[in-house]
Amino acid sequence: MKKVLREILSTSLYLLVVLCITYLAIHFVGQRTQVSGSSMEPKLSDGDNLIVDKITYRFKEPERYDIIVFPFQYEENTFYIKRIIGLPGETVYIDGEGNILIDDKILEEGYGREIIREPGRAYEPITLGDDEYFVMGDNRNNSSDSRDPSVGNVKRDDIIGRAWLRIWPFDKFGFIKHR
C-alpha cells in the first residue's frame with residue numbers, strides 16, 4: 001500500500017513540475033500564434049503558425065525591421081504581426097509618391113511589395129514618443145498598421161515579442177529572418 005501511495009505521489013509531483021515548467025515557458029519564453037490575413041506577404045502568409053520569442057526584448061530594445069507581435073487594443077485575444085519601421089524619437093512621414101521618410105531621409109528597404117497608395121495618418125509627419133514604434137505590414141496596401149488610427153503607434157510595453165520560428169506549414173519550417 002505504501003509503495004502505491006509513494007508511486008502516486010511521485011507521479012503527481014512529476015506532473016506538477018511539468019505543468020509549472022510549461023506554464024512558465026508559455027508566459028515568459030515563447031508563445032504560439034497564427035498569422036491571419038495577408039498583411040505580411042510575402043514574408044508570412046495566412047495560416048502560418050509561429051513561435052513568438054518573448055525573452056529577447058527583456059535584454060535589448062526592438063530594432064528597425066524586427067517583426068513583432070502586439071495586441072490589438074480594441075479586440076480581446078487579437079494580436080497583430082507587423083514590421084518595425086520607426087523607432088522611438090524618430091519622425092515618420094509618407095510622401096505623395098509613397099516613400100517612407102524617417103527624420104526626412106528616405107527609408108531604404110525592400111520589404112514593401114508595392115508603392116504605398118494610402119499614407120493614412122502618416123500623410124503628416126508623426127513624431128514617435130520615447131516608448132513608441134511605428135509598424136507596417138510588408139503588404140503595404142493591404143495592411144492595417146500604424147497608419148490606421150485604430151492601431152496607431154505601438155507602445156514598448158505592448159510588444160509581446162518578436163516572430164522567431166515558423167512551425168507550420170512544414171515546407172516553410174524555419175527561423176524567421178528579420179533583415
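## Pockets

The lining of the second largest pocket is made up of five nonpolar, three polar and four charged residues, where Ala, Val, Leu, Ile, Met, Phe, Trp, Tyr, Cys and Pro count as nonpolar, Asp, Glu, Lys and Arg as charged, and the others, Gly among them, as polar. This is a predicted model, in which local features need pLDDT of at least 70 and side-chain atom pairs count only at pLDDT 80 or more, while totals for chains, interfaces and linings use all residues. Residues are numbered from 1 along each chain as its sequence is written, and side-chain values use heavy atoms, with hydrogens and water left out.

The second largest pocket has a volume of about 160 Å³, and its lining includes Glu 97, Glu 109, Glu 114 and Arg 140. A pocket here is an open set of points on a 1 Å grid over the protein atoms alone, where a 1.4 Å probe fits and protein lies on both sides within 12 Å along at least five of seven lines; lining residues have an atom within 4 Å of a point. The volume is the space filled by probe spheres set on the points, which are joined across faces, edges and corners. For the largest pocket the volume is about 210 Å³, and strand S4 (residues 79–86) gives the most to its lining, with four residues; strands are DSSP runs (E, at least two residues), numbered from the N terminus.

## Aromatic pairs

The structure holds five aromatic pairs, counted where ring centres of Phe, Tyr or Trp (its six-membered ring) lie within 6.5 Å, with planes under 30 degrees apart called stacked, over 60 edge-to-face and the rest tilted. The rings of Tyr 65 and Tyr 111 form a tilted pair, because their centres are 5.3 Å apart and their planes stand at 45 degrees. Both of these residues, Tyr 65 and Tyr 111, are buried, that is, under 20% relative accessible area with a 1.4 Å probe, protein chains only.

Phe 72 and Tyr 80 are stacked, since their ring centres lie 4.9 Å apart and their planes are at 10 degrees. Together with Phe 70, these two residues, Phe 72 and Tyr 80, are linked by ring pairs into a cluster.

## Charges over rings

Lys 82 lies over the face of Tyr 80, at 5.3 Å from the ring centre, and Arg 83 lies over the face of Tyr 111, at 3.5 Å from the ring centre; the criterion is NZ of Lys or CZ of Arg within 6 Å of the ring centre and within 35 degrees of the ring normal. Tyr 80 and Lys 82 also line the largest pocket.

Conventions:
Buried means under 20% relative accessible area, exposed over 50%, partly exposed in between (1.4 Å probe, protein chains only).
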